[in-house]
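Have the model open beside you and try each task before reading its solution.

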Amino acid sequence: VDIGMLVSEWADSRRVLLESKQVDLQVELEGCIWQGNNDLLELAINNLLDNAITFVMDSGIIRISESRSALMSKLTVFNQGPPVPEFAQARVFERFYSVPRENGENSSGLGLSMVREVALLHGGTATLENIDGGVLASMELPLKKSELHTQNT
């Protein structure tokens with residue numbers, strides 16, 4: 001699954017919202033290909049990115065990048081904005097748990113739960129943490145066998 005293509009399609013479909021919030025979308029994905037179910041990975045990535053656009057501050061930054069270790073590929077999504085409240089940090093991946101929003105709107109509380117479930121189904125993990133100036137969400141999956149061989153030679 002070409003993750004760069006999924007991100008590009010997501011950005012095209014959210015262009016009006018990105019422009020209305022004046023978001024600086026920074027995409028740093030070159031050759032990010034994951035082995036897995038296309039529909040599930042698209043669902044997870046869309047939820048990860050929709051979460052970022054929901055909480056990014058006006059005129060803020062959303063940065064999407066990939067990094068690799070010897071065995072894993074990690075997609076990270078940084079959104080500049082308010083941190084996840086301390087009381088919610090341990091629960092953000094629970095089904096039906098929703099972080100209170102400044103505008104008073106509620107969500108289904110399923111987005112990040114689906115991200116975690118899709119990551120687990122593919123042998124990976126999902127995390128979310130407050131960092132300086134925003135929130136960093138990530139999804140990490142094992143590299144496919146052919147990529148492992150290429151990195152080890």
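**Exercise 1.** Describe how H1 passes H3: what is the handedness of the crossing?

*Solution.* Step one: H1 passes H3 in a right-handed crossing, where right-handed means that the near helix is turned clockwise from the far one by less than a right angle, and left-handed that it is turned anticlockwise. Helices here are DSSP runs of H or I with at least four residues, strands are runs of E with at least two, and both are numbered from the N terminus.

Step two: from H1, the contact is made by Ile3, Leu6, Val7, Glu9 and Trp10, and from H3 by Asn38, Leu41, Glu42, Ile45, Asn46, Leu49, Asp50 and Ile53. Contact means heavy atoms within 4.5 Å.

Step three: sorted by class, the contact of H1 with H3 has eight nonpolar, two polar and three charged residues. Nonpolar covers Ala, Val, Leu, Ile, Met, Phe, Trp, Tyr, Cys and Pro; charged covers Asp, Glu, Lys and Arg; the others, Gly among them, are polar.

A word on the source: this is a predicted model, in which local features need pLDDT of at least 70 and side-chain atom pairs count only at pLDDT 80 or more, while totals for chains, interfaces and linings use all residues. Residues are numbered from 1 along each chain as its sequence is written, and side-chain values use heavy atoms, with hydrogens and water left out.

**Exercise 2.** Now take H3 and H4: at what angle do their axes cross, and which residues make the contact?

*Solution.* First, the axes of H3 and H4 cross at roughly 140° and come within 8 Å. Axes are lines fitted to C-alpha atoms, for helices over the stretch in contact, and angles run from 0 to 180 degrees between N-to-C directions.

Next, H3 passes H4 in a left-handed crossing. On the H3 side the contact is made by Leu40, Leu41, Leu43, Ala44, Asn47, Leu48 and Asn51, and on the H4 side by Gly111, Leu112, Met114, Val115, Val118 and Leu121. By class, this contact has ten nonpolar, three polar and no charged residues.

Finally, look at burial within H4 (residues 111–121): Leu112, Ser113, Val115, Val118 and Ala119 are buried. Buried means under 20% relative accessible area, exposed over 50%, and partly exposed in between, with a 1.4 Å probe and protein chains only. The buried residues of H4 pack against H3, strand S4 (125–131) and strand S5 (134–142).

**Exercise 3.** Locate serine 73 and decide: is serine 73 buried or exposed?

*Solution.* Begin with its place, which is in strand S3 (residues 72–80). Serine 73 counts as buried because its relative accessible area is 0%. Its side chain makes a polar contact of 2.8 Å with the side chain of tryptophan 34. A polar contact is a pair of N or O atoms within 3.5 Å; within protein, one must be able to donate a hydrogen and the other to accept it, and residues adjacent in sequence count only if both atoms are side-chain atoms.

**Exercise 4.** Two residues other than glycine have a positive phi: where do glutamine 22 and serine 59 lie?

*Solution.* Glutamine 22, with phi near 55°, is found in the loop between helix H2 (15–20) and strand S1 (24–28). Glutamine 22 counts as exposed because its relative accessibility is 55%. Serine 59, with a phi of about 65°, lies in the loop between H3 and strand S2 (61–68). At a relative accessible area of 45%, serine 59 is partly exposed.
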